[in-house]
Amino acid sequence: MEYINIGNVKIEKTAALAPMASVADRAYRLMCREYGAAYVVSEMVSAKGLCYSDRKTNELCTVTEAERPMAVQIFGSEPEFMKRAVEIVSGYNPDIIDINMGCPVPKVVGIGCGCSLMKDVKLAQEVASATVKASSVPVTVKFRKGWDDDNVNAVEFAKAMEASGVAAIAVHGRTREQFYTGKADWDIISEVKKSVSIPVIANGDVTDLQSCLEMYRQTGCDLVMIGRGSYGNPFVFKEISSYFKGESYIPPTVEQRMETMLRHIRLILETSEKAAELAIKEARKHAAWYMNGFYGSAKFRARCYNLSSYSEAEGLAEEFITLQKNR
Ligand SMILES: Cc1cc2nc3c(=O)[nH]c(=O)nc-3n(C[C@H](O)[C@H](O)[C@H](O)COP(=O)(O)O)c2cc1C
């Protein structure tokens, strides 16, 4: 088993879970770690929101032991707020602080944050430097290929981030304009890797062991990061980590898949700060994802989207198993 070091943080060179707001919450991260994700990142937190003690601070910034190694991801465009945000986040003892410079959503780029910083490299450097200076743990930056096809600057941006003192970078091979459509450009990640000496985490369109190995091969990256490929599929991390550990991997049976789904829902209910009636709503999309691609999943999806209790989920799981067995 190989490892990479981000500053003083040792991480298995297998696959990491990408940050995903409204998806990769504590329950999701715990599931993925349990199945072998090497490293996880929190949902993004606004630096300014932290400074004004947003009510979601605790939920978003808490790092539990089972999640480590874990980064808390912050976004912001004002160095002074980043500095104060680091002081607050540090109270939660993250292993790493990650800065989001890749978010494409209008609400975030509209206030000069996320991927918008790729259009102002100088400001991005100030933001990164201020964060590095304030932090006692390694700081990383996650960004994209560029803003649009006419403004592809990932290589220049990577060098600027390295010069700002960040310990590693994560690159998603799409432009802001692409959002999550089209194909991720792995060649640009390869270019980035050649241009810096800090670790490069490669991200975009990895969904299984084969694409993970291909990403390592094509880009020479130090670590692969998986987002949507883990929807209803923490098994992807088991498949990948088993390979690197030289262990055999057997895909889950439909019963195991449903057991995992139910465990995930129990974790959501246990870890959510919301009341059970609201927390179960969070579980709906996950339940549907665990059934995706299977016979009859379209019908089940609609029912998952109406889940209102855990016992209902147990019933659905049983029916789903029966359907797969009798088809
Ligand atoms: C629902 C959703 C939420 C996301 N939230 C974040 C976020 O909070 N911070 C971030 O840096 N990237 C976020 N991303 C981007 C992912 O981390 C990742 O870069 C992207 O999904 C591409 O990887 P994939 O092809 O493996 O999914 C999000 C993506 C999705 C689909």
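Helices (H or I, at least four residues) and strands (E, at least two) are DSSP runs, numbered from the N terminus. The model is predicted, so local features need pLDDT of at least 70 and side-chain atom pairs count only at pLDDT 80 or more, while totals for chains, interfaces and linings use all residues. Residues are numbered from 1 along each chain as its sequence is written, and side-chain values use heavy atoms, with hydrogens and water left out.

Start at helix H9, residues 209-219. Its buried residues (under 20% relative accessible area; exposed is over 50%, partly exposed in between; 1.4 Å probe, protein chains only) are Leu 209, Ser 211, Cys 212, Met 215, Tyr 216 and Thr 219. Just after H9 comes Gly 220, with a positive phi of about 70°.

Asp 205 is partly exposed, with a relative accessible area of 28%. Ser 22 also has a positive phi, of about 65°, although it is not a glycine. Ser 22 sits in the loop between strand S3 (15-17) and helix H1. The peptide bond from Arg 68 to Pro 69 is cis, with omega near 0°. Pro 69 belongs to the loop between H3 and S6.

Next, look at the ligand. For Lys 142, an N or O atom of the side chain is 2.8 Å from a ligand oxygen. The side chain of Asn 100 has an N or O atom 3.2 Å from a ligand nitrogen.

On a 1 Å grid over the protein atoms alone, a cavity is a set of points where a 1.4 Å probe fits but cannot get out, and a pocket is an open set with protein on both sides within 12 Å along at least five of seven lines; lining residues have an atom within 4 Å of a point. Grid points are joined across faces, edges and corners, and a volume is the space filled by probe spheres set on the points.

Take the pockets. The largest has a volume of about 680 Å³. It is lined by 32 residues, and Pro 19, Met 20, Ala 21, Pro 104 and Tyr 180 lie nearest its centre. Strand S6 (70-75), helix H5 (106-109), S8, S9 and S11 each supply at least two lining residues. By class, the lining of this pocket divides into 17 nonpolar, eight polar and seven charged residues. Ala, Val, Leu, Ile, Met, Phe, Trp, Tyr, Cys and Pro count as nonpolar, Asp, Glu, Lys and Arg as charged, and the others, Gly among them, as polar.

The second largest pocket holds about 530 Å³ of space. Of its 26 lining residues, Ser 22, Glu 43, Lys 56, Glu 59 and Leu 60 are closest to its centre. H1 gives the largest share of the lining, three residues. How does this lining divide by class? The second largest pocket has nine nonpolar, five polar and 12 charged residues.

Finally, the cavities. The whole structure holds two of 30 Å³ or more. The largest cavity has about 40 Å³ of space. Strands S8 (139-146) and S9 (168-175) are the elements that give two or more residues to its lining. Lys 142 is one of the lining residues, as are Tyr 39 and Asp 98. The second largest cavity has a volume of about 30 Å³. Helix H1 (residues 26-34) gives the most to its lining, with three residues. That lining has five nonpolar, two polar and no charged residues.

Methods:
Polar contact = N/O pair within 3.5 Å; in protein donor to acceptor, adjacent residues only side chain to side chain.
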